[in-house]
Structures are given as C-alpha cells and as structure tokens.
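Hi,

Here is the model I promised to pass on.

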Amino acid sequence: MTYGAVVTSEEAARIAYERSACPREFFAQRRADGSVEQLSPNDVMLLRRVDVEHALKHWEDYSSDFAGIMGSEEPIIPLNVDPPLHVKYRRLLDPYFAPKKMAALQPAVQRHTNDLIDAFVDQGHCDFSAEIAVPLPCSTFLSLFGLPLDELDDLVRWKDIMIRPQSVEPDAEKALALQAATAKEIYGRFAVEMADRRANPRDDLISHLTHAEIDGEHLTDSEVLRTCFLMLSAGLDTVTVSLQCIFSYLLEHDDARRMLVAEPGSEVNLIEELLRWETPVQAVARRATHDIELDDGTVIPAGTQVSIGIASANVDPDGLPGADTADVRRGDLRNYAFGGGPHRCLGSNLARMELRTVVRTWHDRIPEYSLAPGAEMVWNSSLLRGVDHLPLVWPTEGTR
Amino acid sequence: MRIRIDEERCEGHGRCWETAPDLVEDDDRGRGVVRDPDAPVAPEHEAQARQAANVCPERAVILDP
C-alpha cells in the first residue's frame, strides 16, 4: 500500500481509520495475532521490530524498484531505485540535504513561521493545520526550489491530489485518473523550471540537479524531473502530519507543553520521542523479490507488495524495553520514523529542522493554548496519519 | 571505553553527532565521524557515548570496552 492509494471498501476504510486514530493499541493487537497484517490479497504489512529492521536493511529481499507511486508512470528518484545506482544518486543528493545546508536554510523557515504566526497571533485563535502545518512545509519547498511564494496555492492542490486523491475526488476511479493527470501537470511544470535553470543557474535545488554529474555525466532531463517529483511527493504532507501529531499530543499532555515553554532546547528530545511514539509516516513500501520466510514460518510470496510497518516496530517492546510507553524527556530510544537502511529519508535533516523551528517558535510566542471549546481532534484514515483541523485558542492582550 | 562508527552500517541518520557532540562530528553528507578515533572516551563523555549508541537506528555506533 502506498500513500497515494485509494480505498475502495468500507471495511478497509474502518481499518485505516482505526490504524490512524489508535495506532499503539491497533498494532499491539495485530502483533499479538501474527507477524504480518494482510492488507489485500497481494499486500502485507510487516509488524514486528525484528522483521522491520531486517526489511529496511535488506533491499535485495525487499526491493524499491517499481513505478506507479502517486500517479508517476516512471520510478521516482531516489525512492524507487535500488543499489548500486541508488548509492550514486544518494551521494549526489545527501550533501544538499545535510545538516549544514539545512542550518543555512533555517533562517528562511524561521521567517516563514513568524510570518504565519503574525497573521493570527493577535486574534487569539487559528486552525493550526490550515494556518501552520500545511503552509509551512510548502513555503520551505518553494524556498528550496527557488520558486515564488505566490505558487503556494498550486502546490497545496498538487500535493493533496498526489497524496490523498480522494480528499479532492471521492470516487476511486476518477481519483486515480485525476492523480495521473496531475502527475503529468507537475512534470510539465518542473520541465519549464528545469529549462530555465539550465540557461540561468541560481543557488537552488533545480539548478543543482541540472548541473550535477554522476560518473562525469549530467543527469538526464528525466532524472532531474523524477527527483523533483520525489521532493514534492515526500516533503510536504510528511511534515504537515508530523506537526499535527506533535501538537495533538501537546494538547493532551499539558506537562509536555509546560516543559517546552520553560526549557528552550527540550523540543529536540520531545520531537524525537514523538516521531517514534506517533510515527506520522506509518509504513514504507517495498516488493518481495523472492519467497521470503519469516522466523515464525510466515511466507511472503515473491512479488508481494510489502508495507514495512515502522509505526508498529517503533512501539514494539520486543527487543527494546520501554518502547511501549512515551517519555518526552528521554532522547535515547532508537526509532525508524525516517525509515532506515539505504533508503533512510533523504529529507530527515530538513524535516527535523522544520519541526524544531515551528515547535520552538510557537511556544516562544504562544505559550498557553488549548483546543477550541467544542472542537474535537478527528484523525484522518491515512498511512500519513494526522488531524485535518486543529482549532486552537489562546489568551490575547484583550482577554488576558 | 572507545567509540567507533561502522561505516558499512551507517546510513546517515545524524543522531550520533547530535547526541554526542564532544565525540562525533558530521561530514558533508551528515554522517558521523569520530573526532579522535585513537583516544579513549573521557569519563565525563561516557554518557554521551552510550546515548549515541542507543539512538542509532542502524546500530552503527560501536562501543569497545
């Protein structure tokens, strides 16, 4: 199952909701029942820590080499490429997303965060999802790509259709058609930017890609476009839902909120623990390259779509005592929130920088906030688990 | 105690140099590099070393007695 997949039955929809709304309970029950969850006849999710660790590491058993993700006809780069070619792409791309680069981008993210907060801080209320969690990663993306901020609305529409097509078009068949058409539209848009940067290089990601070389050869147009498509598909909703997960937790744990306010810097460990505990990106997709037998005798037939259940493994206490409880002060439990093995999330340093910037800036400026009276947190039914609306209120000068 | 990083296992999660900044620094890809591989870990930095070994998702941070 992939994030852009459509849901066609009521039973599948109910399970998807339960998995998003109550993931710890859901996965504990599933792990008690067996080592895999059958999502559909040709699609299983690995649940146990031991199997997830193995699958992330062993691309020769669990391949990423397939197309069709989020409407893209071609494999996107580097997500759907296996070693050894994958290693070459990552050597090229890793430095661009290294922490030193992200530190240089941080002031722009800080500015965007402050601008977003400026727009509503005095009114004493906002929808955290619509007014921070969605626009912040989009504005970061535009900065990275050297695109003007007024393209933000297009970007939000594109990513909605790519990741959750049924949020725009409820009918499953029409949703897939819309998704494919939108993928073509996005490729076309990036092609225009790519041609411009070939002629007029600037200090942005598209220029970097158009001028980069692997083994003395420039990337082809197709390679550049498929890399841009990955950034768009992987860099927006992932950060949005992570922010939603973190703030949902804070709304229900006042001690954690107070810690953030009182102790600048405590957001680092809190975010790490909540990325593990909440695991906003619940699974990553692979395909079994041969018949694989797990140690409990379960056989995954060659060609099966395999969802690596990182949300389940992250809270599986078998092999890591304490993993089935949350403690926002500790910063010492390893986790796979960004996957692992050769496909470890390329943007993990970018995501961490964005999350830390928003969490710190918000609590410096709006330390006391709560869910609006009468509002409820309603979880989506996605493997990118989040809360579409988070109406918050806080005291202002007039009300304090 | 000595600390080292198994380069075969390392995938660049970047947790080691964040949790053990006195012992590990990041390279241009964000991977951890032990600052002084020949020196034993100073007693005041042993807690850092243990945390770095615990947080590494790939278990690439190795502590030798």
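How many residues does the contact take from chain A, and how many from chain B? Chain A gives 24 residues and chain B gives 20, with contact meaning heavy atoms within 4.5 Å.

Some housekeeping: this is a predicted model, where local features need pLDDT of at least 70 and side-chain atom pairs count only at pLDDT 80 or more, while totals for chains, interfaces and linings use all residues. Residues are numbered from 1 along each chain as its sequence is written, chains are lettered from A and ligands numbered from 1 in the order in which they are written, and side-chain values use heavy atoms, leaving out hydrogens and water.

Back to the interface. The two chains, A and B, bury about 1900 Å² between them, 39% of it on carbon and sulfur atoms (buried area being the accessible area, 1.4 Å probe, that two parts lose on being put together, summed over both). On the chain A side, A:K57, A:R334 and A:R344 lose the most area to chain B, together 27% of what that side buries.

Seven salt bridges turn up across the interface of chain A and chain B (a side-chain nitrogen of Lys or Arg within 4 Å of a carboxyl oxygen of Asp or Glu). B:R29 makes a salt bridge with A:D94, with 2.8 Å between the closest N and O atoms.

Elsewhere, in chain A, A:T238 touches A:V281 and A:L384, not counting residues up to four places away in sequence. A polar atom of the A:T238 side chain also lies 2.7 Å from the backbone oxygen of A:A234.

Cheers

Terms used: A polar contact is a pair of N or O atoms within 3.5 Å; within protein, one must be able to donate a hydrogen and the other to accept it, and residues adjacent in sequence count only if both atoms are side-chain atoms.
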